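Q: I am new to this structure and would like to be guided through it. Could we take the overall layout before the details?

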Amino acid sequence: MNDLAFSGLELTDPGLLRQRCHVDGAWVAADGGATLAVFDPATGACLGSVPDLGAAETRRAIEAAGAAFPRWQAKLAKERSAILRRWFELILAHQEDLARIMTAEQGKPLAEARGEIAYAASFIEWFAEEAKRTYGDTIPTYQADKRLVTIRQPVGVCAAVTPWNFPAAMITRKAGPALAAGCTMIVKPASATPYSALALAELAARVGVPKGVFNVLTGSATRIVGELTASPVVRKLTFTGSTEIGKVLMRQCADTVKKVSLELGGNAPFIVFEDADLDAAVDGAMLSKYRNSGQTCVCTNRLLVQRKVYDDFAARLKERVETLKVGNGFEAGVTQGPLIDAGAVRKVEEHIADAVAKGAKVLTGGRRLSAEGLFFPPTVLTGVTPEMKVASEETFGPLAPLFVFDDEAEAIRLANDTEYGLAAYFYTRDLGRAWRVAEALEYGMVGINTGHISTEVAPFGGIKASGIGREGSRYGIDEYTEIKYLAMGGIGACNAVPA
Ligand SMILES: NC(=O)C1=CN([C@@H]2O[C@H](COP(=O)(O)OP(=O)(O)OC[C@H]3O[C@@H](n4cnc5c(N)ncnc54)[C@H](OP(=O)(O)O)[C@@H]3O)[C@@H](O)[C@H]2O)C=CC1
Ligand SMILES: O=C(O)CCCC(=O)O
């Protein structure tokens, strides 16, 4: 099973490498035996293959998830919680192997991959705890002989469509709350990074997640997801990916009126006011811009720097950027791996070429490291203006374009001048400004004097074209439950005055 380039991975537990899909507790191939190849973006080597499933196999998975739902939802919350807790522990116990699989298929440096596995596990831990807290309400009645309560129930079978940039965490951030609430789930991971998803399924099976509760299907996105969105059995779709595909899937869900959660693209501004601690701002910018080679929806896309500190900030950022080491994520000391594919490299190049043609200057980086590979150096552009593509499009790569502004009102106007509304960041030492700007930014998440906002304990999500719904935190499980209102009549007057 573990042939090709995977043989060099040296996993402690080779059983985590699965090249078949997980459906109804079994490891299955495509009906006709079709497969998709999976590549290492750092070397271009073929790692192996996964089944190329289609509509018929997807229908069977839906049937299995539907059949598993009544028994899974009927378990006590405490029982589901205990299973999830074991899953969390096993993911952490296999952190190193899971990280190695991730670096092989996604390219991120091994240290970052280890970090993502811990982050991924944290959602399972968090929602194992939240499983026990899906409380309802008692409502003061509107008629004396009635009592009113609400209960929360799982929505049912859920479909999750996930991206390649966080191959494990974007699955657990969805599966954790879904399974905790009593839903069953079918995951369609990105075709570039299926092995992390299949390894999670292997661990779920080992801890006793019952068959049909957590299924992973690889293959044609349009055929699998088309079937999932068309099915009346699937009651919810949760998606992380591009705004373009998010809109398509939202439309596809309309006919069966599914509940949807969409975590889509961003165009995060990072504002540096002249009163900011510039060293701290550079630290924050490095983290927020270059994490995962800039391939994160909450990564800074535009740096807006007040005129008085513009040159100073640019010089400090350049110095720090030039300390980053680009290379194969398995090499010691590498801080930036390859981009995911040739299209991603072309997009960064296109944004740089467009900006330079319109007057921007390359302060550092700017050219791919070799004609063939997917390595692109961290780049800083100065003299960037709102007419350039980088102002309105998500680059999703290691490019930091520096815009200039003169006052607070202009910073807010520029920051909000986008269809997106996911994450924004700003640095200031003025407490009044911190509140004013935070309230004025049209974003779902705002980092104030920090470039890192992601955690399982806080609500992650956007507004406008960045999506619908929140993941993580105490709100995350709401997306997987429905509120049922119970009005109980004939009870007797609640306002009877004792004799
Ligand atoms: N918000 C975020 O976290 C992310 C944002 N992006 C943005 O999107 C851009 C493109 O990245 P990309 O990977 O192409 O993102 P996509 O939105 O195309 O892919 C995300 C997921 O959707 C699936 N998918 C793709 N097309 C369809 C379809 N027609 N019907 C159903 N499912 C589909 C993919 O499957 P498959 O892999 O099989 O195609 C994958 O599982 C990036 O450059 C970035 O700007 C990308 C990833 C994550
Ligand atoms: O959608 C993404 O790009 C993944 C978000 C990673 C994070 O939680 O920070």
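A: A note on domains comes before the layout: the domain bounds used here come from an automatic or database domain assignment. The model itself is predicted.

Q: Into which domains is the chain divided?

A: The chain is divided into domain 1, covering 14-264 + 466-484, and domain 2, covering 268-448.

Q: How many Å separate their centres?

A: Taken over C-alpha atoms, the centres of domain 1 and domain 2 are separated by 31 Å. The contact takes 14 residues from domain 1 and 18 residues from domain 2.

Q: Stepping back, how many helices and strands does the chain have?

A: The secondary structure comes to 14 helices and 22 strands. The radius of gyration is 24 Å, close to the 23 Å that the globule rule gives for 499 residues, so the chain is as compact as a globular protein of that length. Along its principal axes, the C-alpha trace spans about 80 × 70 × 40 Å.

Q: And what percentage of the residues is buried?

A: Buried residues make up 52% of the 499 residues. As for contacts between residues at least 6 apart in sequence, 73% join residues at least 24 apart.

Q: On to helix packing. How do H3 and H6 cross?

A: The axes of helix H3 (residues 95-106) and helix H6 (residues 194-206) come within 8 Å and cross at roughly 160 degrees. That angle is over 145 degrees, which makes H3 roughly antiparallel to H6.

Q: Which residues meet there?

A: From H3, Leu 98, Ile 101, Met 102 and Glu 105 meet Tyr 195, Ser 196 and Ala 199 of H6. The contact of H3 with H6 has 5 nonpolar, 1 polar and 1 charged residues.

Q: What about H7 and H8?

A: The axes of helix H7 (residues 221-230) and helix H8 (residues 243-254) also come within 8 Å, and they cross at roughly 40 degrees. H7 and H8 are therefore oblique to each other. Val 225, Gly 226 and Thr 229 in H7 meet Leu 249, Gln 252 and Cys 253 in H8. By class, that contact has 3 nonpolar, 3 polar and no charged residues.

Q: Changing topic, where is Pro 167 found?

A: Pro 167 is in the loop between strand S7 (157-161) and helix H5 (169-181).

Q: Is Pro 167 buried or exposed?

A: Pro 167 counts as buried, because it has 28 C-beta neighbours inside 10 Å and the cut-off for a buried residue is 20 or more. Leaving aside neighbours within four places in sequence, its contacts are Met 102, Glu 105, Gln 106, Pro 189, Thr 193, Ser 196 and Ala 197.

Q: Lastly, the backbone. What is the phi of Glu 10, and what is the phi of Phe 396?

A: Glu 10 has a positive phi of about 55 degrees although it is not a glycine. Phi of Phe 396 is near 55 degrees, also a positive value in a residue other than glycine. Most residues other than glycine have a negative phi.

Q: Where are they found, and are they buried or exposed?

A: Glu 10 is in the segment before strand S1 (21-23) and counts as exposed, with 9 C-beta neighbours inside 10 Å. Phe 396 is in the loop between helix H12 (389-392) and strand S16 (399-405), and with 25 such neighbours it counts as buried.

Methods:
Residues numbered from 1 in each chain as written. Chains lettered and ligands numbered in written order. Predicted model: local features only at pLDDT ≥ 70, side-chain atom pairs only at ≥ 80, totals over all residues. Helix = DSSP H or I, 4+ residues; strand = E, 2+ residues; numbered from the N terminus. Rg over C-alpha atoms; globule rule 2.2 N^0.38 Å. Buried ≥ 20, exposed ≤ 12 C-beta atoms within 10 Å, placed from the backbone. Contact = placed C-beta atoms within 7 Å. Axes fitted to C-alpha atoms, helices over the stretch in contact; angles between N-to-C directions. Parallel < 35°, antiparallel > 145°, perpendicular 65-115°, else oblique. Nonpolar A, V, L, I, M, F, W, Y, C, P; charged D, E, K, R; others polar.
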